[in-house]
Amino acid sequence: MPDGLLAGIDAGTTSVKVLLMTPDGRDVAVGRAPTTWSRTAQGEETTAETLTGAAQAALADALAQAPGARILGIGVASMAESGVLVDSADVPLAPVIAWHDTRDSAELAGLIATLSGEEFSRRTGLPLWTQWSATKHRWMRAHLPETTRATRRYNVAEWIVRGLGGDPVTEFSLASRTGWLDLHTGRPWAESLAWSGAPDSLLGDLVDAGVPVGHAQGAGPLAAISGAVLTIAGHDHQTAAVGLGAHRPGDEFDSAGTAEAILRTSHPNLLDSTVADLAAAGITVGRHAAPGRWCLLGATQGGLILGRVQHALGVDRDGLAALDDAAAAAADVPTAITLGPGAGDVQINPAATPGEVWRAATRAVTGQAAALSDRLTA
């Protein structure tokens, strides 16, 4: 067992995963902990403490499989849009709202009316959806008075790095998913921050993915990380593209998780008209985790849909292989499921067999991904 290892942390919507590997790329251990959410009257949310706890539990799980190892460096990637609001002492002030939560529908309408929806998409590269941090922050300002004390906001990866001892910074690919970053200048967009009721300090210092941002502090089960160099690896889908070498201009990458994302890497400085056309088609344009490049990203909620179908069928991870076999043998019955308008909404036809349902679900989400790829190519 080599004593000098690298750790990668991926904080996703469903779980936090940790990979320990040798500097020459050999996998050593994998740890995992669930990302837990609560359903409230307002929507789906979690807490900053829950995210920290999951990351530390997954890291401890991996380290327990590599006794005696010393961690040299830690990179953290995460889901985007969700974030942690803190006061001047880094104390969390509000729940962490799920990226797919739609409680901010009225705020989106207000943004379109006040900032101009076309201008918002042109400046940020983002479609007019409820997904972005800007509208969720405005919702919190209207409903949670304590958020008036907010001085800083961390994206999930940045919050985990901060909790491990890192510096208070914001990484570009995650900042591009907030609605507060001017895509073209790479600086905070003052008008959007002001509309959200957010102070100018909210994004903090902007850095590229992979830049060292301090050294880890660890004790007990995490003692092996003490002194490790910390970095923010960026938006999880883009980090995966970089890790697999699919980040050259023109490359396309299918990142299938809770959200299935189709990514196309491009040179920066696309025409404003191109950015607007892509946003109108539901495709985001943002700063890439690969510095100096932009990322065109279209996403479906394929993983979320499949997870809910799997749960409704009462099938756990161990039963997936048998369910796949049943789907492969089943006939095509498109009416076995109906996809709804909301995030991950799906209705199952009770007359359909589990194989027919799973076949229809996988075909539906694969069709969504194919349509996104065609839009990017066009």
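R103 lies over the face of W139, 4.7 Å from the ring centre. A second case involves R152, whose charged end sits over the ring of Y154 at 4.4 Å from its centre. For the record, a charge sits over a ring if NZ of Lys or CZ of Arg is within 6 Å of the ring centre and within 35 degrees of the ring normal. This is a predicted model, so to speak of local features takes pLDDT of at least 70 and side-chain atom pairs count only at pLDDT 80 or more, while totals for chains, interfaces and linings use all residues. Residues are numbered from 1 along each chain as its sequence is written, and side-chain values use heavy atoms, with hydrogens and water left out.

On to ring against ring. The structure holds three aromatic pairs (rings of Phe, Tyr and Trp, the last by its six-membered ring, with centres within 6.5 Å; stacked if the planes are under 30 degrees apart, edge-to-face if over 60, tilted for the rest). One of them is F120 with W189: the centres are 6.3 Å apart and the planes stand at 35 degrees, so this pair is tilted. It ties together distant parts of the chain, as F120 belongs to helix α2 (residues 105-124) and W189, 69 residues away, to the loop between α5 (172-175) and α6 (190-196). Helices here are DSSP runs of H or I with at least four residues, strands are runs of E with at least two, and both are numbered from the N terminus. F120 is buried, at 2% relative accessible area, and W189 is buried at 2% too (buried is under 20%, exposed over 50%, partly exposed in between, with a 1.4 Å probe and protein chains only). W129 and W132 also pair up; with centres 5.7 Å apart and planes at 15 degrees, they are stacked. Of these two, W129 is partly exposed at 31%, whereas W132 is buried at 1%.

Then there is the open sheet, four antiparallel strands in the order β14-β15-β17-β16. Strands count as paired if DSSP finds at least two bridges between them. β14 and β16 (284-287) are the edge strands, each pairing on one side only. Across from D254, the bridge partner in β15 is I262, and S255 stands opposite A261.
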